[in-house]
Amino acid sequence: MSVPEEERLLPLTQRWPRASKFLLSGCAATVAELATFPLDLTKTRLQMQGEAALARLGDGARESAPYRGMVRTALGIIQEEGFLKLWQGVTPAIYRHVVYSGGRMVTYEHLREVVFGKSEDEHYPLWKSVIGGMMAGVIGQFLANPTDLVKVQMQMEGKRKLEGKPLRFRGVHHAFAKILAEGGIRGLWAGWVPNIQRAALVNMGDLTTYDTVKHYLVLNTPLEDNIMTHGLSSLCSGLVASILGTPADVIKSRIMNQPRDKQGRGLLYKSSTDCLIQAVQGEGFMSLYKGFLPSWLRMVKLGLLPLFFFFFFVLKLLLIYKHFPFSLLV
């Protein structure tokens, strides 16, 4: 079926609006992932420290190293494993963000513009933003769960080596193949329940708080819709999202990283509820907020805002420009 000439002359952003948003979100997420991944690695290592359930595995299974904060943990990784190990697991993380960030933004905008719609005065009600943000996060995170699983396990490989334990994977593709061989398709979705719970809570806090704060600042302060407004909105939304999502993130990481039997079943936790109970009973309630600071700093990304806007601007120009070579492919 031939494409009408007038449609062929339209920029890609008009011909394929959803695909363009997915591409923009995915590429920006990749840049953000590379820049902030050391914070994510530090967060995961903090979430695993002092894991009480490991005591059930027997002699020397429980971690004996003292608890370290964000800075000491990051410095410890550099000193004990090497500087480049701060990016261990970044490849599946990029895969994850291309799927997750692109998928959730496209879903959120579709729900906002098509399913729910704006009011007559062009205002988007908070309750619609909450529901749309949670649904978008759940869908995006469920699709990206296998990459998240591989990322978490690879982030812990350096620590296993220091503890004298055998490494589980030779690389990203070997990790996918091994998990699939041991646990089947279901094995790739280990930890998906707390993962989508975290995504729903993070998106509820992130997207809704961001929209609400930005709307308030523009209407009630001298600030305009600029980098300062986006930065303040990001600071607030990241804080709320981290408060809501960190407990589920801790549970998710521990379930994904737990040792498994030959059938792929977890040896430490029967479910996310069981993991939650063991963490609170063995380590206290605040153990659910291990890794909170790097998680918040990673969500805010204040220092990266100029880079994000420049990157979006360049991609936008390439997509809008009618004679961009990609147009020859369609």
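**Close-up 1. A network of salt bridges ties together Asp-40, Lys-43, Arg-96, Asp-148, Lys-151, Arg-198, Asp-249, Lys-252 and Arg-298.** Keep in mind that this is a predicted model. The count for the whole model comes to 16 salt bridges, and the next views pick out a few of them.

**Close-up 2. Lys-43 pairs up with Asp-249 in a salt bridge.** Zooming in on two members of the network, we find the closest N and O atoms of Lys-43 and Asp-249 2.9 Å apart.

**Close-up 3. Glu-81 and Arg-45 meet through their side chains.** Here is another salt bridge, at 2.9 Å from N to O. Helix H3 supplies Arg-45, and Glu-81 comes from helix H4 (residues 70–81). The two residues are 36 residues apart, and their pairing links distant parts of the chain. Glu-81 has 19% relative accessibility, so it counts as buried, given that buried means under 20%. Arg-45 is also buried, at 6%.

**Close-up 4. Asp-261 forms a salt bridge with Arg-265.** In this pair, the closest N and O atoms are 3.0 Å apart.

**Close-up 5. Six residues make a nonpolar patch on the surface: Val-99, Ile-139, Phe-142, Leu-143, Trp-192 and Val-193.** Together they have about 490 Å² of accessible area. Which elements give two or more residues to the patch? They are helix H6 (126–155) and helix H9 (192–220). The largest share, three residues, comes from H6.

**Close-up 6. Ile-139 is one of the patch residues.** Its place is in helix H6. Ile-139 has a relative accessible area of 41%, which means that it counts as partly exposed, the class between 20% and 50%.

Methods: Residues are numbered from 1 along each chain as its sequence is written. This is a predicted model: local features need pLDDT of at least 70, side-chain atom pairs count only at pLDDT 80 or more; totals for chains, interfaces and linings use all residues. Side-chain values use heavy atoms; hydrogens and water are left out. Patches are made of residues with over 30% relative accessible area and no salt bridge: like charges are joined within 9 Å, nonpolar side chains (Val, Leu, Ile, Met, Phe, Trp, Tyr) within 5 Å. Accessible areas come from the Shrake-Rupley method with a 1.4 Å probe; for residues, only the protein chains shown count as cover. A salt bridge is a side-chain nitrogen of Lys or Arg within 4 Å of a carboxyl oxygen of Asp or Glu. Helices (H or I, at least four residues) and strands (E, at least two) are DSSP runs, numbered from the N terminus. Buried means under 20% relative accessible area, exposed over 50%, partly exposed in between (1.4 Å probe, protein chains only).
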